[in-house]
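Reader: Please walk me through the aromatic side chains of this model. Keep it brisk.

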Amino acid sequence: MTKARDFSSESSAGTDVELPAEDQPSADLQAEYADLVENVRRYRFAYYNEDSPLVSDAEFDTLYRRLEEIEELHPELVANDSPTQEVGGEISAAFSPVKHLAQMYSLEDVFSLDELKAWVDRAQASVENMRPGTAVQWLTELKIDGLAVNLLYRDGVLVRAATRGDGTTGEDITHNVLTIEGVPRKLKGTGVPSEVEIRGEVFIPSAEFVKLNEKMVADGKPPFANPRNSAAGSLRQKDPAVTASRPLRVYVHGIGARTGLDAESQSGTYALLEQWGLPVSPYFKVLKTHDAVLNFIAHYGEHRHDLLHEIDGIVVKVDSFDLQRALGHTSRVPRWAVAYKYPPEEVHTKLLDIQVNVGRTGRVTPYGVMEPVKVAGSTVEMATLHNQDVVKAKGVKIGDIVILRKAGDVIPEIVGPVMALRGQQDPPVRDFIMPTKCPSCGTPLAPSKEGDVDLRCPNARSCPSQLRERVFHLAGRGAFDIEALGWEAAVALTSPDEPDVPPLTSEAGLFDLTPEDLADVRIMRDIKKKGVVTGEQLVPYFYSRGTEKKPSEPNANTRKLFVELEKAKSQPLWRVLVGLSIRHVGPTASRALAGAFGSMERIRGASEEELANVDGVGPTIAAAVKDWFTEDWHREIVDRWTAAGVRMADEVDESTPRTLEGLTVVVTGTLTGYSRDEAKEAIISRGGKASGSVSKKTDYVVAGENAGTKRDKAEQLGLEILDEEGFRTLLEQGPVKSAGD
């Protein structure tokens with residue numbers, strides 16, 4: 001959340017100021033200000049003290065910034081108890097209050113790179129004014145989305161741990177902090193000060209948070225809203241055993257009061273903290289220029305979901321303690337540090353309805369229809385709810401205000417309801433009832449096997465929704481890669497409404513289509529007047545008509561579709577396998593099967609045991625492949641595609657040496673000479689395994705530009721890291737052994 005920002009010691013806050021009548025705030029503005037003060041206080045209390053936010057961080061930030069704007073325009077409105085004049089949270093009565101030896105400050109937040117540049121320019125100008133010719137170095141680090149703590153060590157022994165609270169007084173949580181992995185009871189090494197306050201952030205690692213929520217849902221309990229609130233709630237448990245059961249971690253990032261410690265810089269302190277056995281974040285750099293800071297921000301903006309923990313921004317600090325002291329603090333924030341906030345990935349919105357979608361394998365999945373809301377840079381109005389048990393476990397009802405999360409390119413997820421707001425909705429919320437029949441074809445739904453929580457439509461051959469989804473899937477980048485066959489085209493080709501009999505009643509006919517087959521295809525398009533949608537109508541999508549309502553020349557969409565269909569016929573065997581929508585058979589299994597058997601005919605004729613023995617396949621996938629080929633209409637798809645000229649066997653290129661036989665290679669970052677798929681193909685064609693994750697079993701890591709955390713992990717494991725030139729050499733020659741091997 002946005003933290004307090006100071007207005008300078010000369011501010012007229014809380015004083016009587018006579019203004020000209022035309023400069024006085026209007027009654028409406030005063031009323032808006034009063035509402036803002038009340039709401040910001042209420043929302044902040046719910047966030048810090050109850051670990052149950054009533055609004056999203058993004059909405060709170062908007063309200064807080066509006067409060068600041070009004071106070072800057074009319075400082076006479078600012079009272080001493082305004083939320084902008086306080087550091088943050090309050091003290092809970094459940095824990096004993098403890099006073100910090102040195103105040104714990106909040107950080108000023110900025111939300112754009114322009115605002116960040118303005119802050120950097122101000123700080124540099126202040127330094128130049130006080131210390132002409134002094135170069136500023138910027139310690140730049142990740143802003144962990146967790147709970148701030150203050151650890152007090154005396155003679156190297158942890159004597160107290162406390163929350164930040166209001167910055168001056170926090171809550172004593174010593175017994176709970178002692179259960180956290182990585183927090184030493186006693187510091188080790190030399191030079192340990194006689195007394196020191198160490199500041200840090202408690203968090204739950206992202207992967208552990210997912211497991212924690214999966215367990216909550218499996219136990220029939222509502223999941224936690226986000227890692228920050230689950231970490232805060234875990235740390236505030238009255239029973240330390242409950243805290244100990246949660247996967248809490250901590251990274252330290254600063255010091256408060258100290259006696260017997262002489263350090264020149266923030267980064268120098270980090271080295272000392274690590275030497276004493278404290279967990280220091282590996283994600284920081286000392287940078288010399290504003291451009292370098294921008295590059296750091298851009299890099300972690302792209303890789304923020306590859307990290308150990310959640311972040312919501314980047315903290316930029318003046319590294320030198322001497323310059324920090326010179327720049328000083330306001331009463332609430334340091335003038336030598338700022339937090340740049342990334343666009344929000346978690347928002348609140350209203351759940352208007354819960355509907356169901358029928359997927360390509362017949363699985364019927366509930367999804368939420370919401371009031372459109374912008375999150376992670378895009379507008380979202382639908383999000384998956386997985387199955388009826390998940391809907392029940394998450395406790396969401398139609399009409400709820402819900403927490404919506406979208407992390408980067410990840411599919412939007414409804415995390416859960418904002419329970420504190422339930423009961424205030426009009427009309428009242430209502431339960432979701434899972435349908436018993438397929439909404440697309442009317443077939444009764446059933447689990448695919450006993451005990452399966454997912455319901456499926458068994459009418460795989462004739463269900464319009466399943467056909468539409470399969471056609472859209474086979475055209476995807478991971479299968480035939482037919483760009484002209486997108487979602488709207490898949491709907492138009494398979495829709496039973498317009499025309500009465502669609503061009504495709506099975507994907508078997510895809511490569512038999514002719515331009516004439518598309519003459520009557522229509523697509524629903526919005527009607528716009530002056531940029532405003534005023535209605536919908538069906539319009540020709542694939543074909544142009546003549547004056548006598550007869551097909552004329554194919555339009556651009558039609559021509560592009562048939563060019564790409566012809567090109568798709570020469571795709572390798574593994575892509576054809578992906579396009580068949582065999583359950584459990586994705587790109588990895590398809591590559592393994594194509595590599596082991598070389599042709600569709602051999603895969604089709606292989607026994608279940610032979611299929612299962614292929615590395616990366618196993619009994620479940622083998623059974624799915626055999627079951628798929630028992631259906632006559634499935635075999636018809638393969639036969640008609642074959643007759644249409646689709647390649648059903650891979651040519652064996654004897655000229656490609658098997659230089660990587662038995663080796664596992666991970667490619668990370670951007671390579672100039674290879675796309676991600678090209679690099680993967682180069683590895684696999686030489687007998688290697690192209691993995692997406694780094695582990696002890698990895699033989700080589702190829703690190704391109706912006707390699708990120710996979711390179712970091714490879715370094716920690718002591719793996720061999722290659723640049724692009726080294727990758728080329730590896731492909732050509734295989735592992736190069738030293739003379740001593």
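**Aromatic contacts and cover**

Author: Phenylalanine 472 has 36% relative accessibility, so it counts as partly exposed (buried is under 20% relative accessible area, exposed over 50%, partly exposed in between, with a 1.4 Å probe and protein chains only). This is a predicted model: local features need pLDDT of at least 70, side-chain atom pairs count only at pLDDT 80 or more, and totals for chains, interfaces and linings use all residues. Residues are numbered from 1 along each chain as its sequence is written, and side-chain values use heavy atoms, with hydrogens and water left out.

Reader: In which helix is phenylalanine 472 found?
Author: Helices are DSSP runs of H or I with at least four residues, strands are runs of E with at least two, and both are numbered from the N terminus. The run that holds phenylalanine 472 covers residues 464-474 and is helix α12.

Reader: How are the rings of phenylalanine 203 and tyrosine 251 paired: stacked, tilted or edge-to-face?
Author: The structure holds 13 aromatic pairs. Rings of Phe, Tyr and Trp (its six-membered ring) pair if their centres lie within 6.5 Å; planes under 30 degrees apart count as stacked, over 60 as edge-to-face and the rest as tilted. Here the centres are 5.3 Å apart and the planes stand at 45 degrees, so the pair of phenylalanine 203 and tyrosine 251 is tilted.

Reader: How many residues apart are phenylalanine 203 and tyrosine 251?
Author: Phenylalanine 203 is in strand β7 and tyrosine 251 in strand β8. The pair links distant parts of the chain, and the separation is 48 residues.

Reader: Is phenylalanine 203 buried or exposed?
Author: Its relative accessible area is 2%. That value is why phenylalanine 203 counts as buried.

Reader: What kind of pair do phenylalanine 480 and phenylalanine 511 form?
Author: Their ring centres are 5.4 Å apart. The planes are at 65 degrees, so the pair is edge-to-face.

Reader: What is the relative accessible area of phenylalanine 480?
Author: Phenylalanine 511 is buried at 8% relative accessibility. Phenylalanine 480 is buried too, and its relative accessible area is 0%.

Reader: Which residue lies over the face of tryptophan 574?
Author: A charge sits over a ring if NZ of Lys or CZ of Arg is within 6 Å of the ring centre and within 35 degrees of the ring normal. At tryptophan 574, the distance from the ring centre is 4.0 Å, and the residue is arginine 591.
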